[in-house]
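I opened this structure to look up a few things and write them down. The entries below follow the order in which I looked.

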Amino acid sequence: MRKEFLPFSKPSITEEDIQAVGDVLRSGWITTGKHNAALEQEICAYTGAAEAVAVCSGTAGMHCLLQALGIGPGDEVITPSMTWVSTVNLISILGATPVFADIDRDTMLVTPETVAACLTPKTKAIIPVHFAGQPCDIDAIYALAEPRGIAVIEDAAHAIGTRYKGRHVGTRGSAVYSMHPIKNITAGEGGVVVGSDHALMDKVRQLKFHGLGVDAFDRQTQGRAPQAEVVIPGYKYNLTDMCAVLGRRQLARLDEFDRKRTELAQYYLEQFRTIAGILPLGAPQGYDFTPAWNLFAVRVDRPDLSRNEFMAALKQRNIGTGLHFRAIHSQKYYRERTVNAPGGLANTEWNSDRICSLPLFPEMTRGDVDDVVAAIRDVLNLPGNAGPDCQKVIRRQSFRNYRALWLRG
Ligand SMILES: *Cc1c(COP(=O)(O)O)cnc(C)c1O
């Protein structure tokens, strides 16, 4: 068995990164400043986006963007239930109604068909999620939205580095990237809103900083009126320069990170070809893309073992896992308050019961993947990785533990 715990995710931070953050701390300017401005430019250069606004989280960026689009009471916003809760919380906080589109069972992405099924005259926006770093069929979703005057916001939290038909995702309308520690690049915490509508992006800029339209750095360095006034009540969602400098350094390494993630993901895929009932995500069909592999998600579809038992058994074997995500419409607040796709959410529910993220981060080795796969084979009592005596002991142990789990709940 593996001696050291293998977490399911871990940021890659170098001594030079620590030095760079230290340099900002020593510089006398630690909040939003030149590193924010540079990060915004570099995100535009990397992705091809027209404009970028750095914020303190992806969630904060989504809040500004939804409000800037005027989303409010009476509006419906279509998004999957298989996503992080933040988007749906914001739709609700703004007084609008989240409408859940089902996902493709294999890729876990919303499709033009599942989105179309949710359209009503009240639909104001669609938020497709590029789950795990694989892109949705964005052109087809725009083809539904544009003629009806509906906004599309790509939730690209998992997808910085993902290409769709040769272009970076998030460059067509507006999108939000996240720099949370488990995403493809991290700033500690942080997010970036990108978009091509200048008036909309200006509103986002205002909302992220008290509704002033300019932040402290603009006022000091760019000679703008020091008595800037509130044009709309706004938030305090700006990013510190300690975070921004880290985000910049990570962005410079993104291609290296994604190469490593892809190599590891492909190695995982090879291993799972021979393990029944542990199902990796399928690749979207019908369009050209390059995934950024933020998560390596599998579905535990075994008659003898639930997903929760699988996660607990891996933890005992020093393998960390994550759960991305528990369907939102199954959670307390939303059970009574959301609208689901007319045909129901069968694929979302099937995945919500089975989904589990396995360890995937750039510093992992193929040997680590071997450890994960060996632990899974062991949990499933498949031959191949532990001696017969060891197998027997582990089997007895796991039986006891499953029993304990069953008894508990
Ligand atoms: C992480 C995540 C977010 C939010 O990003 P934060 O930077 O953590 O606020 C939004 N959507 C999805 C799908 C995510 O995984």
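**Entry 1: the parallel strands**

I began with strand β4, residues 123-126, and found that it pairs with β5 in the parallel sense over two bridges. I noted for the whole notebook that this is a predicted model. I then looked up the residues that face each other, and Ala 125 stands opposite Ala 151 in β5. Ile 126 has Val 152 as its bridge partner in β5.

I wrote down the general rule beside this: strands of a sheet pair through backbone hydrogen bonds, and the pairing is either parallel or antiparallel.

Next I asked which strand is joined to β4 by three bridges. It is β2, residues 76-80, and β2 and β4 run parallel. Here the bridge partner of Ile 78 is Ile 126 in β4.

Ile 153 has Ser 174 in β8 as its bridge partner.

**Entry 2: the side chains of β5**

Is strand β5 mostly covered or mostly open? I found it mostly covered: five of its five residues, 151-155, are buried. The cut-off for buried is under 20% relative accessible area.

I then sorted the residues by direction. Ala 151, Ile 153 and Asp 155 point one way from β5, while Val 152 and Glu 154 point the other way.

**Entry 3: the ligand**

I asked how many residues surround the ligand. There are 15, and the closest are Thr 59, Asp 155, His 158, Ser 178 and Lys 183. By class, I listed four nonpolar, nine polar and two charged residues in this shell.

In the side chain of Thr 59, an N or O atom is 2.5 Å from an oxygen atom of the ligand. For Asp 155, a polar side-chain atom lies 2.7 Å from a nitrogen atom of the ligand. For Ser 178, an N or O atom of the side chain is 2.7 Å from an oxygen atom of the ligand. The ligand taken alone exposes 380 Å², and the protein buries 92% of that.

**Entry 4: a three-stranded sheet**

I turned to an open sheet with the strand order β7-β6-β11 and found its pairing antiparallel. β7 (167-168) and β11 (289-290) stand at the edges and have a single partner strand each, so one side of each is left without a neighbour in the sheet. Strand β6, residues 163-164, is joined to β11 by two bridges. In this pair, Arg 163 has Thr 290 of β11 as its bridge partner.

I looked up Arg 259 and found it in helix α9, residues 241-272. Arg 259 counts as exposed because its relative accessibility is 57%, and the cut-off for exposed is over 50%. From C-alpha to C-alpha, Arg 259 and Trp 293 are 9.4 Å apart in space, and they are 34 residues apart in sequence.

**Entry 5: backbone exceptions**

I wrote the rule first: most residues other than glycine have a negative phi, and most peptide bonds are trans.

Where is the cis peptide bond? I found it between His 324 and Phe 325, with omega about 10°. Phe 325 sits in the loop between α10 (307-316) and α11 (332-335).

I then noted two residues with a positive phi. His 210 is not a glycine, yet its phi is about 65°. The loop between α7 (198-208) and α8 (216-221) holds His 210, and at 33% relative accessibility His 210 counts as partly exposed. Asn 381, also not a glycine, has a phi of about 60°. Asn 381 lies in the loop between α13 (366-379) and α14 (388-408), and is partly exposed with a relative accessible area of 38%.

Technical notes. Residues are numbered from 1 along each chain as its sequence is written. This is a predicted model: local features need pLDDT of at least 70, side-chain atom pairs count only at pLDDT 80 or more; totals for chains, interfaces and linings use all residues. Side-chain values use heavy atoms; hydrogens and water are left out. A residue is near a molecule or strand if one of its heavy atoms lies within 4 Å of it. A polar contact is a pair of N or O atoms within 3.5 Å; within protein, one must be able to donate a hydrogen and the other to accept it, and residues adjacent in sequence count only if both atoms are side-chain atoms. Accessible areas come from the Shrake-Rupley method with a 1.4 Å probe; for residues, only the protein chains shown count as cover. Ala, Val, Leu, Ile, Met, Phe, Trp, Tyr, Cys and Pro count as nonpolar, Asp, Glu, Lys and Arg as charged, and the others, Gly among them, as polar. Buried means under 20% relative accessible area, exposed over 50%, partly exposed in between (1.4 Å probe, protein chains only). Helices (H or I, at least four residues) and strands (E, at least two) are DSSP runs, numbered from the N terminus. Two strands pair if DSSP finds at least two bridges between them.
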